[in-house]
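I opened a new model today and wanted its fold, helix packing and core on one page. My notes are below.

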Amino acid sequence: MAVATMPMKPFESQPALKRKPLPVGQPREWYETHNRRLKAMRLAIALLDSGVYHPANANNGRIRRTAARIGIHPPSDTTCRMVRALID
């Protein structure tokens, strides 16, 4: 039996969400972790969009090249591990 596939539509850009200020009074570690998670999510999405669907294919070099391609600072080893965990 043949499987019918729907044609893929190109991603339509959505208007950016209005950003809320971060809560005041948190320890510095909280802000660092928050920003690290955001960076890992951006990188994981970029890797998935480029066809990397398995964490074994996302080595630190590939993640850092992706970061350079999308215009963010190179991630640390810790952030690279978070990216792989999100892809898994």
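These entries go from the overall fold to the core.

**Ground rules.** I am working with a predicted model, where local features need pLDDT of at least 70, side-chain atom pairs count only at pLDDT 80 or more, and totals for chains, interfaces and linings use all residues. Numbering starts from 1 along each chain as its sequence is written, and side-chain values use heavy atoms, without hydrogens and water.

**Fold.** I looked up the elements: there are three helices and zero strands. From the N terminus, the order is α-α-α.

**Helix pair.** I checked α2 (residues 60-70) against α3 (residues 77-87): their axes come within 10 Å and cross at roughly 95 degrees. The axes are lines fitted to C-alpha atoms over the stretch in contact, with angles from 0 to 180 degrees between N-to-C directions. So α2 is roughly perpendicular to α3, a label that covers 65 to 115 degrees. On the α2 side, Asn60, Ile63 and Arg64 make the contact; on the α3 side, Asp77, Cys80, Val83 and Arg84 do. Contact means heavy atoms within 4.5 Å.

**Core.** Next I listed the largest nonpolar core, which has 11 residues, among them Leu43, Ile63, Cys80 and Val83. Its members are buried Ala, Val, Leu, Ile, Met, Phe, Trp, Tyr and Cys residues joined through side-chain atoms within 4.5 Å. Buried means under 20% relative accessible area (1.4 Å probe, protein chains only). The largest share, four residues, comes from α1.

Notes:
Helix = DSSP H or I, 4+ residues; strand = E, 2+ residues; numbered from the N terminus. Parallel < 35°, antiparallel > 145°, perpendicular 65-115°, else oblique. Buried < 20%, exposed > 50% of the residue type's maximum accessible area, 1.4 Å probe, protein only.
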